[in-house]
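These are my notes from going through one model. I kept each entry to what I looked up.

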Amino acid sequence: MANFLDVGTDAQRFAAILADYERRLEALERSTQAGYTSIEGGGTLDIYDENGTLKGSVGVQPDGGVALVPVNTNPPPTPMPPALEPVLAGLLVTWDGQWDDAYGTPTDLAGVQIHLGATADFVPDLSSLAATITNGSGGTITVSTPTYGSVWVRLVAVNTAQITGPPSTAVQGTPRQVDGPDLSKLLDLATWLKDESIPGSKLVRETIGADLLAANAVVAGKIDAGAITGREIKAQTLEGLHIKAGTLDATHIKAGSIKAELIAADALNGKTITGATVQTGTTGSRIVMDTGLRLYDADGVLAAEATVGDLATREVGFAAYNNTLGGAFRYWAMLSRGYVTFGRDGTTYVRNPNLDHHLSGDVSALEITSGAVGPEYGGQAVLQLIGGDPTGQQQPQARLHAEKLGTQCDLDVSGVFTARNIATGTVTITPTIADRPFSVTVTGLNVAGKTFRGFVTALSSVPGTGVTGCTATNVTGKGLTIFLTRHDTNIPTGINWMIIGS
């Protein structure tokens, strides 16, 4: 017969078993799930993304090699355009490790390919591949070019699955050529001397060898003066590299033997050229230089000139001409000594139109004058734009006036005239008691000036009988108070107001 002691002992034993199972389950969850996993029988472990797409495999591949092979990978981003530096028969190509359409370097990157093409829009392929930068943070590689001509360079990123991304913007570069004769000619000569099948090569090789003519063995001191004359020198065998500097002077150069095509582009740099006229051509668009400098357009018409005497002021300056305005007339502008003068050929000016800049102390001013055509002087309009005084005693201002005494200068504004010292508006007052003034106050204005005047006008068709009074008080740059008195009552009355600051 069981008692309560037996029941208690069984419960304790059952609780201990449950606690042991719980400890084992926790240990199992904490341990690595694939801690003792292996790939048996030459198989692979496939890796899939969250959408179930195969992204790679680890293990023995079909060719027998063991590797991690990525598949179905995204193409890498576009590299930034390369920086090019010309080197001898090639280009120094630098990639800075940055991307045109991405902020960071992709983890799956095998390298950045360098492709060379003949045009800016060439499509990179295996035939254009010249080199590869394998450092994901950038690098520099020297690539050779097939010729000395210009080539276009584009960069293409490739990942470990050999998937290429978009090509970079093409950059043009030109390799540096060796100074002097092309070294390839010497290589051709060396090949000819070594080839015993070529007739005469053996005789030349045995007669003139490196051991017979040491470097600098034949010098000028070993040749008698006058021993070599013109008839002993084959035509075109002497080049500038073989003539000592300073040995040729004017007495030894035949007159007319040096032509323009034989003068190097920089041979006259820093030199003084004397003569009647120097020009880039004789007709059409050209530059002519004699006592002045003149520029002609494609039709051979004078377009601009720098001269010591212009058409109006006879001062040193630069004149530009407009040959299209006014039909047969030619307009001109003359820049000279800080001002610009305008005019038209064949016109007599009493005053030429001017654009003049001058300083008065620390105040800068620009004056524009309309000019006046003769023979009598009828006056001209003058617009002065004056800057402010650095001390603050004078504000910037614009002045428009007539120069001739007794004449007026009208101002015609085709749009709305706006001034900061003038403010206008309309208010409405409705008197409720007859013959008693009612008021309204206008505030919030910012009228420029020091002295202010206010003007009010009631909009009424019964002045004196209906409206008996309309006045303004407390006129400032901030506002004013308007009073209205009517003989009748409860009639809304509009009032126009204006404040002028001076």
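Entry 1, Leu366. Leu366 lies in strand E20; strands (E, at least two residues) and helices (H or I, at least four) are DSSP runs, numbered from the N terminus. I note that this is a predicted model, where local features need pLDDT of at least 70, side-chain atom pairs count only at pLDDT 80 or more, and totals for chains, interfaces and linings use all residues. Residues are numbered from 1 along each chain as its sequence is written, and side-chain values use heavy atoms, with hydrogens and water left out.

I found Leu366 in a nonpolar surface patch with Ile368, Leu383, Leu385, Leu400, Leu411, Val413, Phe417 and Ile422. Together they have about 740 Å² of accessible area, by the Shrake-Rupley method with a 1.4 Å probe, only the protein chains shown counting as cover for residues. The patch rule takes residues with over 30% relative accessible area and no salt bridge, joining nonpolar side chains (Val, Leu, Ile, Met, Phe, Trp, Tyr) within 5 Å and like charges within 9 Å. Strands E20 (363-369) and E22 (381-386) each supply at least two of the patch residues.

I checked how E20 and E22 pair, a pair needing at least two DSSP bridges. They run antiparallel, joined by five bridges, and Ala365 stands opposite Ile386 in E22. E22 is also antiparallel to strand E23 (residues 397-402), with six bridges; there the bridge partner of Ile386 is Gln397. Which residues of E22 are on its covered face? I listed Val382, Gln384 and Ile386 as covered, and Ala381, Leu383 and Leu385 as the uncovered face. In a regular strand the side chains alternate between the two faces of the sheet.

I placed Gln98 in the loop between strand E5 (90-95) and strand E6 (111-117). Gln98 is partly exposed, because its relative accessibility is 44%. Beyond its neighbours within four places in sequence, Gln98 is in contact (heavy atoms within 4.5 Å) with Pro79 and Met80. Its C-alpha atom is 9.0 Å from that of Thr78, 20 residues away along the chain.

Entry 5, strand E5. I followed E5 to its partners. Strand E4 (residues 83-87) runs antiparallel to E5 with five bridges, and Leu84 stands opposite Val93. The hairpin of E4 and E5 has two residues between the strands, and Ala89 there takes a positive phi near 60°. Six bridges join E5 to the antiparallel strand E8 (residues 139-144), where Val143 is the bridge partner of Leu91.

I counted two salt bridges, taking a side-chain nitrogen of Lys or Arg within 4 Å of a carboxyl oxygen of Asp or Glu. Arg23 and Asp20 form one, with the closest N and O atoms 3.4 Å apart; both lie in helix H1 (residues 4-30), three residues apart, about one turn. Asp488 and Arg486 also meet in a salt bridge, at 2.7 Å, N to O. Arg486 counts as buried because its relative accessibility is 4%.

The protein chain averages a pLDDT (the predictor's confidence in each residue, from 0 to 100) of 78, and 71% of the residues score at least 70. I marked residues 209-222, where pLDDT stays under 50 and the model has six contacts beyond four places in sequence. Where pLDDT is low, the predicted coordinates should not be read in detail.

Key
Buried < 20%, exposed > 50% of the residue type's maximum accessible area, 1.4 Å probe, protein only.
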